[in-house]
Each structure stands twice: as C-alpha cells, then as structure tokens.
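Have a look at the sequence and the model first.

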Amino acid sequence: MADTDSDFPCSLVISIPLPTHRLASFALRALQVDLELSPLVQRSFTLVSPERREAHTSNDSVEGSAPNGDAATGVRNENNPFEEKTVLRTEYKATTNRMLRVSVNGFLESMGVVLEAMEELDVDVLAEEQRLAQA
C-alpha cells in the first residue's frame with residue numbers, strides 16, 4: 001500500500017514491467033488521456049527503472065525524443081537516462097475501498113486493451129517475445 005492521507009485513506013500502487021522504454025512510454029500516453037471520472041479518486045502515472053524504482057514524472061518520459069537517444073524509435077543508447085525506465089507505475093488514492101476497486105478494475109481493463117494492441121500492432125513486442133523464448 002502507498003502512503004495514506006486523511007482525504008484519500010485507501011491507496012494502491014501497481015507496477016507493470018514492459019520490454020522497452022518506448023512501449024512503457026506508449027502505454028503511459030495511451031492511459032493518461034482517460035481522466036478519473038470521480039473526484040473521490042486520484043491517479044498518477046510514472047515510469048521507473050525496474051532495478052532502482054526511481055520515479056520520473058510522466059512529463060519527463062512522454063517526450064518524443066530524449067537527450068542521448070530517441071524514445072520514439074526505441075534506439076538504445078547507454079547514456080540515455082530515459083532508456084532504463086521500463087516499468088509503468090500507477091498510484092491510486094481513493095476515499096473508499098469500493099471507489100478504489102472500481103477505478104483499478106477500469107484501469108486493468110484499459111491496460112489489457114493497450115497490451116493487446118501492442119501485441120497485435122507492434123513488431124518489437126513480437127521480436128522481444130521470440131528473443132526471450134530463445135534465451
């Protein structure tokens with residue numbers, strides 16, 4: 001559970017690892033356009049490194065290209081600080097457990113659609129699956 005505050009005592013953090021920074025960034029951008037419908041729920045997205053769990057705001061990682069590399073094409077550059085941010089971290093805060101459950105259920109349905117679209121449309125996802133299967 002995440003830190004609580006008096007107005008939003010119920011909280012949950014969901015971390016979803018993705019194969020590349022580019023795919024994590026695409027997922028973040030696809031999901032953040034849907035605002036929470038209820039004022040009783042707050043949600044935030046960040047991309048973090050899988051090993052250190054250092055948070056970087058979604059604004060840092062949504063840019064089409066970043067210094068020392070290109071996030072839009074997925075070109076890997078060892079000096080690129082954005083390249084290692086492959087975990088989509090979603091933090092929810094809600095006034096009640098019921099509101100938290102309803103919001104998280106909606107998020108998980110949307111995330112499922114995003115992942116299915118990536119699997120069907122993104123060549124890199126299929127190549128990554130093949131690479132992992134051979135390893």
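## Around leucine 40

Leaving aside residues up to four places away in sequence, leucine 40 touches Phe8, Lys93, Ala94, Thr95 and Met99, where a contact means heavy atoms within 4.5 Å. You'll find leucine 40 in the loop between α1 and β2. Its C-alpha atom is separated by 8.9 Å from that of aspartate 7, a residue 33 places away along the chain.

For the cut-offs, buried is under 20% relative accessible area, exposed is over 50%, and partly exposed lies in between (1.4 Å probe, protein chains only).

## Ground rules

This is a predicted model, so local features need pLDDT of at least 70 and side-chain atom pairs count only at pLDDT 80 or more, while totals for chains, interfaces and linings use all residues. Residues are numbered from 1 along each chain as its sequence is written, and side-chain values use heavy atoms, with hydrogens and water left out.

## The strands around β4

On one pairing, β4 runs antiparallel to strand β1 (residues 10–17), joined by 8 bridges; serine 11, for instance, has lysine 93 as its bridge partner. Strand β2 (residues 41–48) also pairs with β4 in the antiparallel sense, over 8 bridges, and there valine 41 is partnered with alanine 94. Pairing here takes at least two DSSP bridges between two strands.

## How α1 meets α3

Helix α1 (residues 21–32) and helix α3 (residues 97–121) have axes that come within 10 Å and cross at roughly 135°. The two are therefore oblique to each other: under 35 degrees would be roughly parallel, over 145 roughly antiparallel, 65 to 115 roughly perpendicular, and the rest is oblique.

On the α1 side, Leu23, Phe26, Ala27, Ala30 and Leu31 do the meeting; on the α3 side, Phe107, Ser110, Met111, Val114 and Met118.

## The whole chain

Overall there are 4 helices and 4 strands, running β-α-β-β-α-β-α-α from the N terminus. These are DSSP runs, with helices (H or I) of at least four residues and strands (E) of at least two.

Of the chain's 135 residues, 37% are buried. Among contacts between residues at least 6 apart in sequence, 69% join residues at least 24 apart.

Definitions and conventions: Axes fitted to C-alpha atoms, helices over the stretch in contact; angles between N-to-C directions.
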